[in-house]
Amino acid sequence: VETVRERGLNVRLIHQGGQLMSVLDPELSKVIYEEAISQGVEVLLNEETIGFEGEQVVEAIRTKTGTYPTEGGIVATGGRPNTQFATGFAKLENGALIVNEKMETSIANVYAAGDCASHFNRLKQQDDYLPLGTTANKQGRIAGLNIAGFNQKFNGIVGTSILKFFDLQIGMTGLTNDAADKSNALIEAYVMEVNDIASYYPHPSKMKLRMLVEQQSRKLVGLQIVGKHGVDKRIDVFATALYNEMKFEELLDLDLAYAPPFSGVWDALMQAPKRYGKKG
């Protein structure tokens, strides 16, 4: 969508779901929808594509509710592990090969890594599937070392990712609200708008932040941020805190870099525990 629109072409996004980026919680998905509209993209939600019309080329896209003339189409259907050839292996429901901490499959001395393999989720404490380039590289390295006779372990993921959409940065790590509900975790959600830099420094911009915290233990559960600047820094700091099982109020103790062009004296991550943290 972004690339085609930036070439000056009109773009219509037909989406079967009810929100853009279903991995995000609804409050932040709305920001992405608004960005698409502001960039001149026509967005159709809850509309299922059922076919294409045209002789030599696509001339129209047909949905359950109408037909839309077009000069071309791009189909994005997602993906799944290409493991049909691997019979006799333990797999996740989507076909990913289940591996242990050494990247060994259920068949001895057979290893798998990356997008065809499971990924141990430290927060869920179970095998998961989050295919990302960073994880694939780490798993591939560990698999190779173990094949070569070393003893290396993959310590798991917390589910960190980031992407750019027009002028927005979209970052997430940890569990979403839906994933936390499925794991029966009792959580609190803190939603805030915070500045990426000091408010008195020229050209601050807002980031929308949604932080999840476990009610009883106060352990950090997840974070989603959408904004124009500074998202990457906060997501990486929070991912490190998640990996080390830090608590919500402990974010206040982090010794983070401060100068007005980069952050307020209370960093964006500190503002939620500063405002909502338990004092006792």
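Reader: Which backbone nitrogen does the side chain of His 119 reach, and at what separation?

Author: The side chain of His 119 reaches the backbone nitrogen of Leu 130 at 3.0 Å, where a polar contact is a pair of N or O atoms within 3.5 Å; within protein, one must be able to donate a hydrogen and the other to accept it, and residues adjacent in sequence count only if both atoms are side-chain atoms. This is a predicted model, in which local features need pLDDT of at least 70 and side-chain atom pairs count only at pLDDT 80 or more, while totals for chains, interfaces and linings use all residues. Residues are numbered from 1 along each chain as its sequence is written, and side-chain values use heavy atoms, with hydrogens and water left out.

Reader: Is His 119 buried or exposed, and in which strand does His 119 lie?

Author: Buried means under 20% relative accessible area, exposed over 50%, and partly exposed in between (1.4 Å probe, protein chains only). His 119 counts as buried because its relative accessibility is 0%. His 119 lies in strand S6, residues 119-121; helices (H or I, at least four residues) and strands (E, at least two) are DSSP runs, numbered from the N terminus.

Reader: Where does Ser 263 lie, and which side chain does the side chain of Ser 263 join in a polar contact?

Author: Ser 263 belongs to the loop between helix H5 (231-243) and helix H6 (268-276), and its side chain joins that of Asp 267 through a polar contact of 3.1 Å. With a relative accessible area of 0%, Ser 263 is buried. Contact means heavy atoms within 4.5 Å, and, leaving aside neighbours within four places in sequence, Ser 263 is in contact with residues including Asp 196, Lys 233 and Tyr 258.

Reader: How does Lys 208 read by the accessibility scale, and which residues does Lys 208 touch?

Author: Lys 208, placed in strand S11, counts as partly exposed because its relative accessibility is 23%. Not counting residues up to four places away in sequence, Lys 208 touches several residues, among them Glu 27, Val 191 and Gln 224. The C-alpha atoms of Lys 208 and Gly 88, which are 120 residues apart along the chain, are separated by 46 Å.

Reader: In which sense do strands S8 and S9 pair, and over how many bridges?

Author: Two strands pair if DSSP finds at least two bridges between them. Strand S8 (residues 161-165) and strand S9 (residues 168-174) pair in the antiparallel sense over five bridges, and Lys 164 stands opposite Gln 169 in S9. S8 and S9 form a hairpin with two residues between them, and Phe 166 in the turn has a positive phi of about 55°.
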